[in-house]
Amino acid sequence: MSVPPPPASDYLPLLDALWQAAGNEVALEELQRASGLAATQIHQAIDEFVAQGCLIERSPGGVRLVTAGLACWSDLLESAALRGGWRIGRRVKVFSETTSTNDVAWQAATERDADGLVVLANHQIAGRGRLGRAWRAPAGQAVLLSVLLQDAASDAAEPAASPALDRLTLVCGLAVALGLEAAIAQAGWGRGGSPERIEIKWPNDLLVGGRKLAGILVEVRRLAPSPHGKNAVVAGVGINVTQSPGDFPPELGGRGISLYEASGVMLDRLRVIEAVIGSLNRLLPVNDASDAWLELWRQRCGMLGRHMTFRSGAHTISGRVLDVDPLQGLLVRDDRGGTHFLSARTCSVVP
Ligand code: BTN
């Protein structure tokens with residue numbers, strides 16, 4: 001189910017000015033200057049924004065955008081992409097409900113000029129996680145985001161076996177962690193005490209206090225025809241934003257946490273999305289020659305040096321985690337002294 005059309009394009013500079021004020025009131029004269037609209041037109045436009053689901057406060061002196069409705073998300077994000085010169089987010093599709101944002105991104109994968117497409121949903125009815133698991137979140141409470149990169153993975157005869165998948169999973173995890181930290185800082189995490197840091201659990205989980213805040217699912221496929229002659233990638237990101245403990249599915253066994261529970265701050269999902277897309281743009285696609293990001297990843301990974309157990313198909317491996325290699329995976333020394341690289345494509349941590 002796709003979201004209704006956005007407000008008239010004449011109104012976009014006004015909406016943008018309200019959004020960029022980051023929750024602060026903007027004086028009417030300033031809005032007139034930014035939008036080129038007369039005062040009466042501004043009031044008409046604001047009525048329109050409210051009809052599109054925006055929460056707006058008006059006072060005699062000005063106007064404050066509290067939250068932007070779903071119908072305005074793509075315009076606001078595409079404007080942010082234009083301002084930032086971003087590749088990711090040049091085109092944004094928003095759905096009130098869909099199967100899986102990753103599936104929607106794959107459907108667009110052979111379209112011309114779909115590189116950098118972002119797909120967002122308020123609710124997914126068939127969200128999926130790594131290794132065939134389901135990803136479930138109540139409508140309106142999570143960020144559900146997929147990014148299509150048409151030429152992100154260098155050619156591999158068997159895309160599912162591409163080592164690029166391991167590296168992209170790590171880079172995306174780091175980018176999302178950095179983006180969330182930026183969104184949290186902007187919203188004032190730490191006002192009531194010191195924040196708990198976001199930790200990366202190899203390969204694809206972001207944790208706070210040992211509980212899952214976000215998960216990343218990176219998929220690589222060979223497209224026919226391939227617009228760029230390379231394998232395409234869809235990176236799907238699910239972030240818990242406003243859930244309370246009772247909102248998580250039972251299979252998480254109490255190990256889910258939202259940004260709200262972690263920080264005490266009710267973050268606006270579109271601010272979180274903008275920060276995460278900004279961060280993805282700064283880190284992706286990763287330059288083959290540079291692993292400068294890897295040190296930042298290591299600093300956030302709480303597993304290095306720990307003794308842990310992993311499952312790979314029917315096998316389990318217990319041992320000490322020595323390091324991570326962006327292409328080969330997690331380096332583990334087992335209890336008999338043998339070393340193994342565990343790939344994100346096939347392995348998971350046994351809790
Ligand atoms: C995991 O933890 O195993 C990865 C979860 C990834 C979930 C996100 S939500 C948006 C995107 N669409 C999906 O179907 N999955 C990813």
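Q: What should I keep in mind about the model?
A: It is a predicted model, where local features need pLDDT of at least 70, side-chain atom pairs count only at pLDDT 80 or more, and totals for chains, interfaces and linings use all residues. Residues are numbered from 1 along each chain as its sequence is written, and side-chain values use heavy atoms, with hydrogens and water left out.

Q: How many residues surround the ligand?
A: A residue is near a molecule if one of its heavy atoms lies within 4 Å of it. In this structure 21 residues surround the ligand, and the closest are Ser100, Gln124, Arg128, Arg130 and Lys212.

Q: How do I read a salt bridge?
A: Side chains of opposite charge can pair when their charged atoms come close. The rule asks for a side-chain nitrogen of Lys or Arg within 4 Å of a carboxyl oxygen of Asp or Glu, and the count comes to 17 salt bridges. One of them joins the side chains of Arg33 and Glu30, at 2.5 Å from N to O. Arg33 and Glu30 are about one helical turn apart because they are three residues apart in helix H2 (residues 28–35); helices (H or I, at least four residues) and strands (E, at least two) are DSSP runs, numbered from the N terminus.

Q: Which backbone angles deserve a look?
A: Most residues other than glycine have a negative phi, and most peptide bonds are trans. Ala22 has a positive phi of about 55 degrees although it is not a glycine, and its place is the loop between helix H1 (12–20) and strand S1 (26–27). The peptide bond from Trp202 to Pro203 is cis, with omega near 0 degrees. Pro203 belongs to the loop between strand S7 (199–201) and strand S8 (205–208).
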